[in-house]
Amino acid sequence: MVHYKFYFGEEEAEVLQRIALSSRANVKRRRAASAVSAGMAILCLAAAISFFRRGFPRGGVSMSLFAAFFFAVLFGGAKWFQKAVLRRAMKGVDRSLYSGEREYFFDSDGVQVVSELGTGKNHWRAFRCWGEIEHYLYLKRLDNQVVLIDREKLSAEECREMENLLAAVAREQ
C-alpha cells in the first residue's frame, strides 16, 4: 500500500489545466477549429482583395480584420480560448473541490481518497487511464476526474509500488 498526502495548490491547478487541454477531445476540437479557421482566413483574405480592387475600402478593411481574427485562431487562438473557458468554468466551481489537503491510499483494490469533504474508494476499474506530466503522475477516472500524484514526494520504493499498481490501468497515449 502507498500512502500519499499532499496539499492541492495553484501549481496543481495549473497541471490539471494542462492535462485537460492535452486530452484527445480538446486536441481534436483545436484541430477542427484550426482547419475551419484556415479556410475562413483564406476566404476573408480573398474577399478583402476583391473589395479593395472594386473600390470598396471599408469592406476590404472589414474582411481583412476577419482574416486577421481567423489567422489568430489558427496560430494559437484556439488553445487560448479553451484555457479561457476552463478558467471561467473553474470560477463557478466550489473552491474546496480543487484546493486543500488530500490523502490517497493506493492498494491492490484501488484508490481511497480522504479530504475535508469526505472519504471515498475507487476500484481500479473506475479509472480509464493514467499518464505523466512533468513530475506528476495522474489517474483519470471514467467521469474525467483526475487523481494527481507528485512523484517527488514519493520514495523510490513507493514509486516502484505505484508502477506495479498502475499496471491495472491503461496508460494514456
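This briefing describes the fold of a single chain, from its overall layout to its sheets, helices and nonpolar core. The model is a predicted one. The chain has four helices and eight strands, and along the sequence these follow the pattern β-α-α-α-β-β-β-β-β-β-α-β. With a radius of gyration of 23 Å, well over the 16 Å that the globule rule gives for 173 residues, the chain is more spread out than a compact globule.

**Overall dimensions and burial**

- Taken along the principal axes, the C-alpha atoms fill a box of roughly 75 × 30 × 25 Å.
- Of the 173 residues in the chain, 36% are buried.
- Among contacts between residues at least 6 apart in sequence, 51% join residues at least 24 apart.

**The sheet β1-β2-β3-β4**

- Four strands form an open sheet in the order β1-β2-β3-β4, and their pairing is antiparallel.
- Strands β1 and β4 (residues 118-123) lie at the edges, each pairing on one side only.
- From one strand to the next, the twist of this sheet averages 20°.
- Six bridges connect β3 with β4 in the antiparallel sense; within this pair, Gln112 stands opposite Lys121 of β4.
- Helix α4 packs on this sheet and touches β1 and β2. The direction of α4 makes about 100° with that of β1.

**The sheet β7-β6-β5-β8**

- A second open sheet, also of four strands, has the order β7-β6-β5-β8, with mixed pairing.
- Its edge strands are β7 (residues 146-150) and β8 (residues 170-171), each of which pairs on one side only.
- Helix α1 (residues 10-21) packs on the sheet, where it touches β5, β6 (residues 136-141) and β7. The direction of α1 makes about 125° with that of β7.
- Strands β5 (residues 127-133) and β8 are parallel and are paired over two bridges. In this pairing, Cys129 stands opposite Ala170, and Trp130 stands opposite Arg171.
- Strands β5 and β6 run antiparallel and are joined by six bridges. On this side, Cys129 stands opposite Lys140, while the bridge partner of Phe127 is Arg141.
- Cys129 therefore has a residue opposite it in β8, namely Ala170, as well as one in β6, namely Lys140, a placement that rests on the bridges by which strands are paired.
- Strands β6 and β7 also run antiparallel, with five bridges between them; Tyr138 has Leu148 of β7 as its bridge partner.

- Two residues separate β5 from β6 in a hairpin, and Glu134 in the turn has a positive phi of about 55°.
- The hairpin of β6 and β7 has four residues between the strands, and Asn144 in its turn has a positive phi of about 70°.
- Strand β5 is largely enclosed by the rest of the structure, because five of its seven residues are buried.
- Strand β6 is mostly covered, with five of its six residues buried.

**Helix α2**

- Helix α2 (residues 24-53) contains 30 residues and spans 43 Å from its first C-alpha to its last, close to the 44 Å expected at 1.5 Å a residue.
- The buried residues of α2 include Asn26, Arg30, Ser37, Ala41, Cys44 and Ala48.
- Among the elements that cover the buried residues of α2 are α1 and α3 (residues 57-91).
- After α2 comes Gly55, which has a positive phi near 85°.

**The nonpolar core**

- The largest nonpolar core has 22 residues, of which Tyr104, Phe106, Val111, Trp124, Leu139 and Ile149 touch the most other members.
- At least two residues of this core come from each of β1 (residues 2-8), β2 (residues 100-106), β3 (residues 110-115), β5, β6, β7 and α4 (residues 156-166).
- In soluble globular proteins, nonpolar side chains tend to be buried together.
- Beyond its neighbours within four places in sequence, Val111 is in contact with Tyr104, Phe105, Phe106, Gly120, Lys121, Asn122, Trp124, Phe127 and Leu139.

Notes:
Residues numbered from 1 in each chain as written. Predicted model: local features only at pLDDT ≥ 70, side-chain atom pairs only at ≥ 80, totals over all residues. Heavy atoms only, no water. Contact = heavy atoms within 4.5 Å. Axes fitted to C-alpha atoms, helices over the stretch in contact; angles between N-to-C directions. Buried < 20%, exposed > 50% of the residue type's maximum accessible area, 1.4 Å probe, protein only. Core = buried A, V, L, I, M, F, W, Y, C linked by side-chain atoms within 4.5 Å. Expected span 1.5 Å × (residues − 1). Rg over C-alpha atoms; globule rule 2.2 N^0.38 Å.
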